[in-house]
Amino acid sequence: MKLTQLKVNHLKNPLGFSVKNPSFSFQVAESSGSTLKAARIRIAEKEDMSELLYDSGMREDISSLSFVPETELEGGKRYYWDVTAQADDGDQGTSAVEWFEGGCGENWNADWITSPLGKEIQPVMYRKFRLEEKEASQIASARLYISGLGVYEACLNGEKAGDEYLAPFYNDYRFWIQYQTYDVTQQLKPGENVLSVMLGDGWYKGRFSYLDEARVKEIYGDDFLLTAQLLITFGDGTRQMITTDETWKCISSPVLFSNIYDGEVYDAGREIWDRDACRLAEGVEEASVPAVRAAAPEGKLTERMSVPVRIHERFSPVSLLITPAGEQVLDFGQEITGWVEFDCRAEKGTEITLQYGEILQDDNFYRDNLRTAKAEYTYIADGEKRHVRPRFTFYGFRYVKVSGITLVQDMLSSFHFEACAIYSSLERTGSVTTSDDKINRLFENTVWGQKGNFLDVPTDCPQRDERLGWTGDAQVFCATACFHMDTAAFYRKYLKDMRYEQEINGGSVPYVVPDVLSAARENMGQEAPDITENIWGESGSCAWGDAATVIPWTVYQFYGDKTQLEENYENMKLWTDFIIHMDETCCGGGRLWQIGFHFADWLALDNPDKKSCFGRTDPYYVASVYYLYSALLTAKAACVLGKTEDQAYYEKVAEEVREAIRREYITATGRVAIDTQTALVLALYFDIVPEPFKERTAKRLKEMLEENGMHLNTGFVGTAYLCKALTKAGLSGEAYTLLFKEDFPSWLYEVNMGATTVWERWNSVLPDGKISDTGMNSLNHYAYGAVSEWIYRSVCGIAPDESTAGFKKAVLAPCPDERFQWVKGEYASASGLYRSGWEFEGEHILYEAEIPFDCTAEFLVPEGMAVKSVNGTPAEERERLPLKKGVYRLILEKV
């Protein structure tokens, strides 16, 4: 038996995260048995697992998906743990030893300090200290606990601490501020040591949000702030602590300017480090001034929840373009989020500027669709050879215009330009390949859309003057995201921010989380908009707010962690109760949601007013459908958590809502009164239409597609469910037709136009290559990439069975279509690796699947087909085939 994927709170070897009620999970990758009979989890303070702090003993109630030990653990300590598991046939194994370590807990002794240099001058704060030779040789460990606002980068003796960027990341600083923990043991040295921290504006005090034409800044605070403590532990158990206080010094940073939207200006002539000697540069101490003690910010300082943001891929330019306008433009071949690094040795005072864009226009560099975001980086050379990169910003780009130096193709390699893709460290879990290269490109575009927008917060886009955690985008893409990557820890942090916002908004969910819009409005002295009016506000829209129910339930379905569902149940309840309140207080208690502002089917193409961003589907119909959905999901969560009274209440509400929708929007003859693609899709997918009328509704949806040349015209809501609703209604062929359409509007239209991510609009780029609009037009906007969920579920045939969680049971329901010769998919679930794929072989279809240990699956035989053999043995005819752990080879024939 082999045990793998040991995780604490869904993270491998987490450092600096809370150790209160940790959830342990693991997988059995190899075993002669089929199911898990019992498991044992041990925790110790020593890597050799001596002197155990906790031993569960061999227990049959331990789930591989989540186990919370009955013990108290302390912050500031490294713990080691292992798992022993036993299979049903007696096969047994013990894992390798893994570790986890919390932050310093409540032991925070450092002051908050600030710079006296002025609010516009980005500072470096530093502290010198000595370690005698004997002390340095006896260091057992050194931990840097630190947080800096806006964003910070810490160095010890000139070497960056950790491999993360843009810490302390982005959350609602009004409520909580994260500190990070770095292992800096190897960076200490005998003699003089220097701990320095460079600070930039970031989300905290730089300009941010789209309000006031994106000129709003200092939303959360106006001072640079730092708190840090360096704890050095020696072999004899003694400790030395260096903390932030007035003994720290400040000096102007080499970063002359930075913010999230506009970029950064870096003057290498003001570098504070002599990196060759690993010491402060000459003249730095003389130019420094003492730091000033500062009042603590509003939010509570707490251990981190954010998944580390790191560089994951590096791209060399695929070409150097000299445009018709004479510009030097590097094409990196893939749209990413991050920045460009390069090596430079230029004459002192030389200004080199990099400008970032998503697309060329008339073969020239272009960035008008970024609105007010300058998205540039300026480097002022000091005559020395330097490796150049930004510190406090990021860009969404494929193309980079370089000015200030002359680039020649044969000399390009000497600069070593590299585009660095940065995003939260999420393990890739799903993949699909097919016989069609364009579909493969589309699928990877949806993956890159996730990479580019999962930078601590699930943003709408990474390039223009927005980059906000829009809840609607996050909601419709959530299941796709969970297939593509392990997102459990990522969403946990996002939902914590959401919960804070809901608690002060009567349960209502803001359009964006963190809710920078409300914070900015309050700073500008503006009154809160009336949530009952049909005007653009800040919270309370259907489909957007339903992220509070959809994301927690989806995460539970994929990862099976009941403790996390319990944690996020409050989000679900608050939102559903908010809708009920709106219904009963403002809508007469008729179980319809018919008040307030709703994005609804945002950016659908069916509105006669082509300048409008709103779809034609009645927003209150969409709102009422989501009212039903959220009540159902909250009831399901209550059932899992044993909250029987809540379950009964929300089930009753959901049934009342369904009946009210039918009375209002379904005629006596079963016709959906709103004749749009999206209205019919929702009616079918959410079982709004009574059973006797579903065939009629499906027929009408098919007719509408045909009337539109088999093109969709759905928006954010309708598109998320379109292919799934068609498949549910027995129209998988029509869903495939939509997938394979290549002209506008379609997914492959974007691919044919050269897209390497997913666009915000179906027509973001027109057939002539022109940007269709500059007011709201992102070329990296993942919402329409939700089609990949359907590809996993119905093309490959891999889906969770809702009767369990964490993929302990799967539904394998592929819908083969001859437009593919073959399809292969796999999903590394929380329970183990599933594989599912099929191939046409003459008159037969070969279907292959793999079911992991301790899991079962039900294979649903495609309509019009029969299983002739399973692993070479003739099979009896049936519609459903139960499968347990193993590898299967099925031969299917048409009947």
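**Figure 1. Residue classes in the lining of the second largest pocket.** In this predicted model, the lining of the second largest pocket comprises 13 nonpolar, 11 polar and 12 charged residues. The pocket has a volume of about 1000 Å³. Among its 36 lining residues, Ser18, Val19, Lys20, Thr302 and Glu303 are the closest to the centre.

Figure 2. Helix α8 gives the largest share, five residues.

**Figure 3. The largest cavity.** Six cavities of 30 Å³ or more are present in the structure. Strand β11 supplies three residues of the lining, the largest share.

**Figure 4. The six-stranded open sheet.** The strands lie in the order β12-β11-β14-β9-β17-β22 and pair in antiparallel fashion. Strands β12 (159–160) and β22 (289–290) form the edges, each pairing on one side only. Strands of a sheet pair through backbone hydrogen bonds, in either a parallel or an antiparallel arrangement.

**Figure 5. Pairing of β11 with β14.** Strand β11 (residues 151–156) and strand β14 (residues 191–200) run antiparallel and are joined by six bridges. In this pairing, cysteine 155 lies opposite serine 196 of β14. β11 is also the strand that provides three residues to the lining of the largest cavity.

**Figure 6. Helix α12 and its surroundings.** Helix α12 covers residues 619–640, 22 residues in total. From its first C-alpha to its last it reaches 32 Å, close to the 32 Å expected at 1.5 Å a residue. Of the 22 residues of α12, 17 are buried, so the helix is largely enclosed by the rest of the structure. Buried here means under 20% relative accessible area.

**Figure 7. The two ends of α12.** At the start of the helix, a side-chain oxygen of aspartate 618 comes to within 2.9 Å of the backbone nitrogen of tyrosine 620. After the helix comes glycine 642, which has a positive phi, near 75°.

Terms used:
Residues numbered from 1 in each chain as written. Predicted model: local features only at pLDDT ≥ 70, side-chain atom pairs only at ≥ 80, totals over all residues. Heavy atoms only, no water. Helix = DSSP H or I, 4+ residues; strand = E, 2+ residues; numbered from the N terminus. Expected span 1.5 Å × (residues − 1). Buried < 20%, exposed > 50% of the residue type's maximum accessible area, 1.4 Å probe, protein only. Polar contact = N/O pair within 3.5 Å; in protein donor to acceptor, adjacent residues only side chain to side chain. Pairing = 2+ DSSP bridges. 1 Å grid on protein atoms, 1.4 Å probe; cavity = no way out; pocket = protein on both sides within 12 Å on 5 of 7 lines; lining within 4 Å. Points joined across faces, edges and corners; volume = space filled by probe spheres on them. Nonpolar A, V, L, I, M, F, W, Y, C, P; charged D, E, K, R; others polar.
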